Amino acid sequence: MGEMIIEGGRPLLGCARIQGSKNAALPMMAAAILHEGEVALHNCPRIADVFSMERILQSLGAETCWEDHTLRISCRNLRGYEIDREDAASMRSSVMLMGSLLGRQGRVRIAHPGGCTIGARPIDLHLGVFRAMGAVVEEQGEMLEARTGGELFGTRICFPISSVGATENGILAAVKARGTTLLENCALEPEITHLCHFLQAMGAEIGGIGTRKLRIRGVRILRDVRFAVPPDRIVAGTYLYAAAATRGKVTLSDAPVEEISSILRVYEKMGGQWEYNGGKLIADASGVERMVKYTRTQCYPGFPTDMQSVLMAVLLTIPGKGRIREEIFEDRLKTAGELKKLGGQIHTAGRDAWITGGEPLTGARVEARDLRGGAALAVAALAASGTTVIGNAGFVERGYEAIDADLTALGGRIRRIP
Ligand code: UD1
């Protein structure tokens, strides 16, 4: 998986452009299956998870090609319904293929999906959607098989808890189902809105976009589409917080400021300043000095769980005591153990992390254990004196297209060794 070597201890100063969103691109790629034609995704991030999804689509008979950051997918000759066990296990978003394969082929066989090890990550809500829409779902060990009697049927589904993936799978299953599907208590994450707009551009009939209640009227045929993947809010948040950790000044073009208001609010509490001008987020973090006493992760529009470990890295640089509570994924505080190797004072118990900031951070050898945790280690390493070597750096590339090049453009000293 390779290593990232970072020489830290200086403020970030520079400009970077924010890449297309991983969590928006992946369900759009899954949605391509629903259409017997071509979709073109512009601004598609060239990251490991997108390549994994591309490989799975190809294995099902899709044709794909890249031109720079445009990914073209044609599912005209799609034939398969079975996803290779290793491919499914390599990426959580493989579960998204269930909704679209059921919608297109009426059948899917897949291993329980993988992804970052940040908690149990059940998929009961996803399977509940398919069952409610008339599919038979069988679980044999780690294999899942779902079948329709020809098509899915629209119905009313009220999610007991808010789930991004289950909402997206419900949408994908409903687009070509017979009749109307009502999805209630949907998650509000922006990637769901982006998926709906993408599907609308393909001819899907979706009402209530951006609310907790979606109404989807099934259609028979979709059309070719070109669509630009919106920028990645978590990448924007990561680079903003890298500036905060190093007291830098950075300009981030294409940062989706409306989608990162909770991240900006916490940044302001630390003493960070920012303005949005001409499509650019201009952040001055030289005044970051106030510990944020308490932050808890929440569903959108609350503070995102994907930024939790990155926030932990920043708080280590600010004198005082702070607490972070992880409400979404029960096993997502383990980056604390690696941050401690850099000198971070963190105590964790259950879903809480208590941080004593302001102690000096010093470079050391650490291991990335998941995607966002790996990015958090890079942020801490930029703030630490001396050299940090981050092992398993490949984890970070699942979601960041060129974190080394971007942080270098922002004035960091960072090298990637394969
Ligand atoms: C998505 C994001 C991930 C982000 C997360 C929360 C993608 C590819 N991934 O993950 O980056 O961290 O949203 O914002 O978009 N749950 C169940 N049963 C289910 C499904 C979920 O109990 O069937 C629980 C989960 O364990 C978790 C909570 O619901 O506690 C929210 O998870 P969910 O929103 O589904 O996250 P993902 O879609 O997996």
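Visitor: Start of α1: which residue there has a side-chain oxygen that reaches a backbone nitrogen?
Guide: That is Ser21, whose side-chain oxygen comes to within 3.4 Å of the backbone nitrogen of Asn23. Keep in mind that this is a predicted model.

Visitor: And how many residues of α1 are buried?
Guide: Nine of the ten, so "mostly covered" describes this helix, which spans residues 22-31. Among the buried ones are Lys22, Leu26, Pro27, Met28 and Met29.

Visitor: Which residues come nearest to the ligand?
Guide: There are 20 residues around the ligand, and the nearest are Asp124, Ser163, Val164, Asp306 and Ile328.

Visitor: What kinds of residue make up the shell?
Guide: Seven are nonpolar, seven are polar and six are charged.

Visitor: What does the side chain of Ser163 do at the ligand?
Guide: An N or O atom in the side chain of Ser163 is 2.6 Å from an oxygen atom of the ligand. Backbone atoms take part as well: a polar backbone atom of Ile328 is 2.6 Å from a ligand oxygen, and a backbone N or O atom of Gly165 lies 2.8 Å from an oxygen atom of the ligand.

Visitor: How much of the ligand's accessible area does the protein cover?
Guide: On its own the ligand has 750 Å² of accessible area, and the protein covers 86% of that.

Visitor: New topic, Thr317. Where is it?
Guide: Thr317 is in the loop between α10 (308-315) and β18 (320-325).

Visitor: Buried or exposed?
Guide: Thr317 has a relative accessible area of 16%. Buried means under 20%, so Thr317 counts as buried.

Visitor: What does its side chain reach?
Guide: The side chain of Thr317 reaches the backbone oxygen of Val314, at 2.6 Å.

Visitor: Last one, Tyr267. Which helix is that in?
Guide: Tyr267 is in α9, residues 261-270.

Visitor: Why does Tyr267 count as buried?
Guide: Because its relative accessibility is 0%.

Visitor: How far is Tyr267 from Arg215?
Guide: They are 52 residues apart in sequence, and their C-alpha atoms are 36 Å apart in space.

Note on methods: Residues numbered from 1 in each chain as written. Predicted model: local features only at pLDDT ≥ 70, side-chain atom pairs only at ≥ 80, totals over all residues. Heavy atoms only, no water. Near = heavy atom within 4 Å. Polar contact = N/O pair within 3.5 Å; in protein donor to acceptor, adjacent residues only side chain to side chain. Areas by Shrake-Rupley, 256 points an atom, 1.4 Å probe, with all protein chains shown as cover. Nonpolar A, V, L, I, M, F, W, Y, C, P; charged D, E, K, R; others polar. Buried < 20%, exposed > 50% of the residue type's maximum accessible area, 1.4 Å probe, protein only. Helix = DSSP H or I, 4+ residues; strand = E, 2+ residues; numbered from the N terminus.
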